[in-house]
Amino acid sequence: LNDSMPWDPAPAEFRYLRAAMSGKDADALRELDDALALSPRAADLVSQRIALKQRMGLPVADDIRRLLSLDHANARIRVRFALPPSDVSNAERGRYLREALTFNAQLAPDEPKRLSPEDLARIQQTLTALEAATAP
């Protein structure tokens, strides 16, 4: 670690992990932001940032949009972050879930990445609730 290059995000990632495991969420977020500054297209770091910010009760909508811009066709990411309520609007959550269904439908029937029947049922249930919440 001491011999790492200045553009290497690994030291900040390790500091993030140490802070997160110690329950120091604010320090963990700062270190994660440092790692992302060095590796801004690292979808796994953005995903970890979302999870940390959710745990801290902070807004995550911009981070979710950033993650979806990095990983354009990942149904599971859309489901993971659109099912639970957050500061993402209901209309946007619905759009993400419908996109997940579209992506899932394009996969072969035996594709391991297909959403499970349970996931599909939860998506439909959430879409129904979101539509009812926005109906006049």
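1. Which residues of the largest nonpolar core touch the most other members? They are Ile50, Ile64, Val79, Leu97 and Ile123, out of 34 residues in that core. Each of the helices H1 (10-21), H2 (25-38), H3 (43-56), H4, H5, H6 and H7 supplies at least two residues of this core. The model is predicted, and the points below should be read with that in mind.

2. Overall make-up. The protein chain has seven helices and zero strands. Read along the sequence, its pattern is α-α-α-α-α-α-α. Taken along the principal axes, the C-alpha atoms fill a box of roughly 55 × 35 × 25 Å. The chain has 136 residues, of which 36% are buried. Among contacts between residues at least 6 apart in sequence, 48% join residues at least 24 apart.

3. Ile64, one of the core residues named above. Ile64 belongs to helix H4. Its relative accessible area is 2%, so Ile64 is buried. Apart from residues up to four places away in sequence, Ile64 touches Ile50, Phe81, Ser86, Val88 and Tyr96. Of these partners, Ile50 is itself among the core residues that touch the most other members. The C-alpha atom of Ile64 is separated by 24 Å from that of Ala132, which is 68 residues away along the chain.

4. Ala61, also in helix H4. With a relative accessible area of 5%, Ala61 is buried. Once its neighbours within four places in sequence are left aside, Ala61 is in contact with Asp87 and Val88. Val88 is also a contact of Ile64. Ala61 and Phe14 are 47 residues apart along the chain, and 25 Å separates their C-alpha atoms.

5. Helices H2 and H3. The axes of these two helices come within 10 Å and cross at roughly 160 degrees. An angle over 145 degrees counts as roughly antiparallel, and H2 and H3 are therefore roughly antiparallel to each other. The crossing of H2 past H3 is left-handed. On the H2 side the contact is made by Asp25, Ala26, Ala28, Leu29, Leu32, Asp33, Ala35 and Leu36. On the H3 side it is made by Leu45, Val46, Gln48, Arg49, Leu52, Lys53, Arg55 and Met56.

6. Lys53, one of the H3 residues in that contact. Is Lys53 buried or exposed? At 12% relative accessibility it counts as buried, because the cut-off for buried is under 20%. Leaving aside neighbours within four places in sequence, the contacts of Lys53 are Leu29, Leu58, Pro59, Val60 and Asp63. Leu29 is one of the H2 residues that make the contact with H3.

7. H6 covers residues 90-105, 16 residues in total. At 1.5 Å a residue these should span 22 Å, and the end C-alpha atoms are 23 Å apart, which agrees. The buried residues in H6 are Glu92, Arg93, Gly94, Tyr96, Leu97, Ala100, Phe103 and Asn104.

8. Helices H6 and H7. Their axes come within 10 Å and cross at roughly 150 degrees. That angle makes H6 roughly antiparallel to H7. H6 passes H7 in a left-handed crossing. From H6, the residues that meet H7 are Asn90, Arg93, Gly94, Leu97, Arg98, Leu101 and Asn104. Their counterparts in H7 are Leu120, Ile123, Gln124, Thr126, Leu127, Leu130, Glu131, Ala133 and Thr134.

9. Asn104, in helix H6. Its relative accessibility is 3%, so Asn104 counts as buried. Setting aside neighbours within four places in sequence, Asn104 is in contact with Lys113, Arg114, Leu115 and Leu120.

Notes: Residues numbered from 1 in each chain as written. Predicted model: local features only at pLDDT ≥ 70, side-chain atom pairs only at ≥ 80, totals over all residues. Heavy atoms only, no water. Helix = DSSP H or I, 4+ residues; strand = E, 2+ residues; numbered from the N terminus. Expected span 1.5 Å × (residues − 1). Buried < 20%, exposed > 50% of the residue type's maximum accessible area, 1.4 Å probe, protein only. Core = buried A, V, L, I, M, F, W, Y, C linked by side-chain atoms within 4.5 Å. Contact = heavy atoms within 4.5 Å. Axes fitted to C-alpha atoms, helices over the stretch in contact; angles between N-to-C directions. Parallel < 35°, antiparallel > 145°, perpendicular 65-115°, else oblique. Left-handed = near helix turned anticlockwise from the far one by under 90°.
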